[in-house]
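I opened this entry to record what I looked up in the structure.

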Amino acid sequence: MRLVLAQLRMELTTLVRNYEQLLLIMVIPVGVLVFFGNVAVLPGSITLTRLVASVLTLSLISTAMVSTGIATGFERSYHVLKRLGVTPLGRGRLIWAKAGSVSVVELAQVTVLVAIAVGLGWSIVELSWWRLALALLLGTAAFAGIGLCLAGRLRAEANLAAQNGLYLVLLALGGVIIPVDDLPDGLGAVARYLPSGALAEVVHASLGGASSGVWLFIDAPFGAWLVLAIWALIAPLAAARLFRFDG
Amino acid sequence: MSTVFVVNQRQHNNALDVRNLVIRYGDVTAVDAVSFSAAFGEVTAVLGRNGAGKTSTLEACEGVRRAASGTIRVLGADISSINNDVRARIGVMLQDGGIAPNARVRSLVRHYCTLYARGVDADELVAKVGLHDRRSSTWRRLSGGERQRFSLALALAAAPEIAFLDEPTAGVDLDGREMIRGIIADLVHGGCGVVLATHDLDEAERVAHRAVVLHQGKVALNDTIASLCAGGRRLEDVVREATR
């Protein structure tokens with residue numbers, strides 16, 4: 001436990017010193033929430049609850065997939081993972097420390113974003129904390145798995161491009177910014193099988209938002225929970241199988 | 001500081017025993033039935049041309065690389081099932097550093113001292129490798145020689161009983177080499193077994209007690225430096241002849 005905590009502290013210190021990552025995981029989500037929460041440019045169908053759900057989903061994808069994936073990809077290319085792997089920390093504790101680092105960041109994100117949302121007039125009364133925590137847990141497993149699949153296989157530069165490209169595609173077309181129901185039919189059908197659309201839907205439901213549509217032949221939100229749970233199982237297993245510590 | 005490097009208990013004869021080590025990359029056999037030992041309190045130089053299998057052999061001994069067959073015992077423990085107590089007594093300096101460009105000298109050395117928990121003082125270690133004035137610098141701002149000494153400091157954080165040093169003097173100036181030579185001498189004096197992979201045969205002749213010369217993945221020579229250089233022969237000539 002002592003070694004995991006030491007590595008966790010190192011991971012968080014490195015993160016705080018990395019301005020690009022701070023921009024991605026904190027400044028952008030806060031900026032999006034504050035801007036769209038104050039300026040009425042979104043369609044009327046996007047309520048404040050939907051906006052908060054979208055921003056929480058965006059922030060989770062930023063942290064669990066993009067930030068973790070890019071940082072791990074570069075650490076792999078610099079042989080940092082290889083070097084740490086032969087210390088008493090070992091690979092197992094290194095993974096626990098990284099998981100802890102992601103959890104700490106997500107906790108900070110949720111705290112800040114919920115506080116801002118309340119400041120914007122969003123009511124916390126309908127929020128189910130345990131459902132939100134479960135959604136974030138499953139979402140973290142799914143997106144960290146996807147991020148590590150890319151980071152563990154691609155060269156650092158290719159990984160950087162792939163993570164950012166996938167991030168933008170998921171935000172725009174994966175049911176994060178535009179709800180799955182509002183996407184064109186073909187895109188909407190695809191987005192119902194993606195972890196991004198499922199996560200946005202279950203987070204929205206956890207915040208007290210109304211659910212609609214059919215996911216995997218099951219009505220929302222249960223269908224969306226099922227899609228997310230499947231991704232949360234498959235993506236980490238794929239990462240465990242595909243990830244190479246040495247770049 | 002030197003007391004840190006003293007090997008207190010030795011329940012095994014050699015620091016390292018490698019038997020019939022085979023390493024393959026796909027269809028290519030990079031290391032082919034290599035056997036050698038490294039004693040405590042001695043420097044064993046692993047020599048050979050590029051691609052001879054030096055780094056692959058060292059990485060297998062460090063536990064970084066998986067062997068296709070053969071056995072490796074480090075400090076008496078099988079490397080394939082090594083526990084953290086043994087791991088904490090092994091110093092490793094990778095050929096490619098293993099340090100992120102934004103890592104700061106003192107911060108990372110202190111972190112490694114914490115991970116190894118062998119009672120090494122991070123500030124003393126930074127001073128020992130001559131980086132006291134550069135302790136707040138990041139790896140990317142260091143010169144080639146300073147980077148090597150930074151990497152060496154991480155190996156020393158283990159207060160090692162065996163140290164695997166892969167090309168520790170590559171890109172290091174004369175003063176830096178002198179310093180690294182002194183550190184290796186300190187390690188040996190404290191009873192540590194040092195396994196050193198290098199292209200620099202003059203350096204090997206100066207610091208090593210034994211040389212294992214690899215050629216096309218096989219052991220071409222395995223003897224003491226004194227025997228190899230008997231009659232005033234230069235190690236460079238001996239190695240060149242053996243790897244022709």
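What follows are my notes on a predicted model, entry by entry.

**Entry 1: the sheet of chain B**

I began with the open sheet of chain B, in which six strands take the order 6-7-8-3-9-10 with mixed pairing. Strand 6 (90-93) and strand 10 (218-224) of chain B are the edge strands, each pairing on one side only. I noted that neighbouring strands of this sheet are turned by 15° against each other on average, direction ignored.

I then went through some of the pairs. Strand 7 (residues 162-166) and strand 8 (residues 193-197) of chain B are parallel and share five bridges. I looked up L165(B) and found L196(B), in strand 8 of chain B, as its bridge partner. Strand 3 and strand 9 of chain B also run parallel, joined by four bridges. There, L47(B) has V213(B) of strand 9 as its bridge partner.

Strand 9 and strand 10 of chain B run antiparallel, with six bridges between them. V212(B) is bridged to N222(B) in strand 10 of chain B. Two residues lie between the strands of this hairpin, where Q216(B) takes a positive phi near 50°. I also checked the cover on strand 9 (residues 210-215) of chain B: five of its six residues are buried.

**Entry 2: helices of chain B**

Helix 5 (residues 144-156) of chain B packs on the sheet and touches strand 6 and strand 7 of chain B. The direction of helix 5 makes about 165° with that of strand 6 of chain B.

Helix 6 (residues 174-189) of chain B has 16 residues and spans 22 Å from its first C-alpha to its last, close to the 22 Å expected. Which residues of helix 6 of chain B are buried? I listed G176(B), I180(B), I183(B), I184(B), L187(B) and V188(B). They are on the same side of helix 6 of chain B because they cover an arc of only 140° around the axis.

After helix 6 of chain B comes G191(B), with a positive phi near 100°.

**Entry 3: chain A**

Helix 10 (residues 222-242) of chain A has 21 residues and reaches 30 Å between its end C-alpha atoms, close to the 30 Å expected. Its buried residues include G223(A), W225(A), L228(A), W231(A) and A239(A). Helix 6 (129-151), helix 9 (195-206), strand 1 (214-215) and strand 2 (218-219) of chain A are among the elements that cover them.

I also looked up I95(A), in helix 5 (residues 90-119) of chain A. I95(A) counts as partly exposed because 16 other C-beta atoms lie within 10 Å. I95(A) and V4(A) are 91 residues apart in sequence but 8.9 Å apart in space, C-alpha to C-alpha.

**Entry 4: where the chains touch**

Last, I checked the contact between the chains: 19 residues of chain B meet 16 residues of chain A. On the side of chain B, helix 2 (84-87) and helix 3 (105-116) are the elements that give two or more residues. Helix 3 of chain B gives the largest share, five residues. I sorted the residues on this side of chain B into nine nonpolar, seven polar and three charged.

Conventions:
Residues numbered from 1 in each chain as written. Chains lettered and ligands numbered in written order. Predicted model: local features only at pLDDT ≥ 70, side-chain atom pairs only at ≥ 80, totals over all residues. Contact = placed C-beta atoms within 7 Å. Nonpolar A, V, L, I, M, F, W, Y, C, P; charged D, E, K, R; others polar. Pairing = 2+ DSSP bridges. Axes fitted to C-alpha atoms, helices over the stretch in contact; angles between N-to-C directions. Expected span 1.5 Å × (residues − 1). Buried ≥ 20, exposed ≤ 12 C-beta atoms within 10 Å, placed from the backbone. Arc of directions from axis to C-beta.
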